[in-house]
Amino acid sequence: MIPAVLALILTIGQDTVGAAGLELADGRYLAGARATISFVPADSIKAARVLSTLEGAFPLPGLPAGVPSGVLLVLAPDEIQFVRLTGGAAPDWGAGVALPAQSAIVVPAYVSERGRGWSDARLLRHEWAHVGLHQHLEGLRVPRWFSEGYAQWASGGWDWNEGWKLRIALARGGMPLDSLTLSWPRSEARARTAYLLSATTVEYLVVEGGPRAPEVLLRRWKELGNFERAFRATFGATTAQ
């Protein structure tokens, strides 16, 4: 699969135009059916692997099989480029950044402490889910806790063995769900707890509502144009409850 994909590099060249502000100096582009990978020549093998992973990904839960599409994924060749491409939005422990409004993703192609404990497949799936959710909802406002929780849950990105951390945080009263609607923690420890809380909340809703709950919620969300109303219509309760 990878040698066949690599052959496309020679035919695409440098004429492809990336999303605004996401161009790489001396960048190459590798196009697939649903994603285009932007990379420097030294990262051509990784680019092929990333494209293969995205093109072969299972459908995201609750979303149509073809969502997302038209995604630009940029492989940042070094830390300086990663910071430039993401506008410094990612903390120093952040593994990757999704730019849903541009249907774009930026991930590091270099070895670093970013994404420690994350596999490439899990990281890609997480950011892919962010873009897919945004595309499907066609620009509707998505609460941060739901976006992060959905992406974590869809990527299998949390470990039941870490549940004790969440229990301690809740017992101390330091991480109620509504606190995540205003801002997302910047410190690594608090952010990991926030991810845990959001992912377990989404999983709880699926367990209680059944396997079709995400699909029903997202469909009603699009129809009603409002998350809270769709949530209440699907689960019979408000998010506060």
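1. In this predicted model, R34 is buried but forms no salt bridge. The nearest side chain of opposite charge belongs to E55, at a distance of 5.9 Å. A salt bridge would require a side-chain nitrogen of Lys or Arg within 4 Å of a carboxyl oxygen of Asp or Glu.

2. R34 is situated in the loop that runs between β1 (28-31) and β2 (35-39). Leaving aside residues up to four places away in sequence, R34 is in contact with E55, A65, G66, V67, P68, S69, G70, V71 and W128.

3. L60 belongs to the loop between α3 (44-55) and β3 (71-76). L60 counts as buried because its relative accessibility is 3%, where the cut-off for buried is under 20%.

4. With residues up to four places away in sequence again excluded, the contacts of L60 are V67, P68, R125, W128, A129, G132, Y150 and A154. Of these, V67, P68 and W128 are also touched by R34. L60 and A154 are separated by 94 residues in sequence, yet their C-alpha atoms are 6.7 Å apart in space.

5. The model contains 1 cavity of 30 Å³ or more. The largest cavity holds about 70 Å³ of space. Its lining consists of F146, Y150, W153, V202, L205, V206, A213, P214, L217 and F235. Two or more lining residues come from each of α6 (144-154), α8 (188-209) and α9 (213-224).

6. By class, the lining of the largest cavity comprises 10 nonpolar residues, with no polar and no charged ones. Y150 is one of the lining residues, and Y150 also touches L60.

Key:
Residues are numbered from 1 along each chain as its sequence is written. This is a predicted model: local features need pLDDT of at least 70, side-chain atom pairs count only at pLDDT 80 or more; totals for chains, interfaces and linings use all residues. Side-chain values use heavy atoms; hydrogens and water are left out. On a 1 Å grid over the protein atoms alone, a cavity is a set of points where a 1.4 Å probe fits but cannot get out, and a pocket is an open set with protein on both sides within 12 Å along at least five of seven lines; lining residues have an atom within 4 Å of a point. Grid points are joined across faces, edges and corners, and a volume is the space filled by probe spheres set on the points. Helices (H or I, at least four residues) and strands (E, at least two) are DSSP runs, numbered from the N terminus. Ala, Val, Leu, Ile, Met, Phe, Trp, Tyr, Cys and Pro count as nonpolar, Asp, Glu, Lys and Arg as charged, and the others, Gly among them, as polar. Buried means under 20% relative accessible area, exposed over 50%, partly exposed in between (1.4 Å probe, protein chains only). Contact means heavy atoms within 4.5 Å. Lys and Arg count as positive and Asp and Glu as negative; His and the chain ends are not counted.
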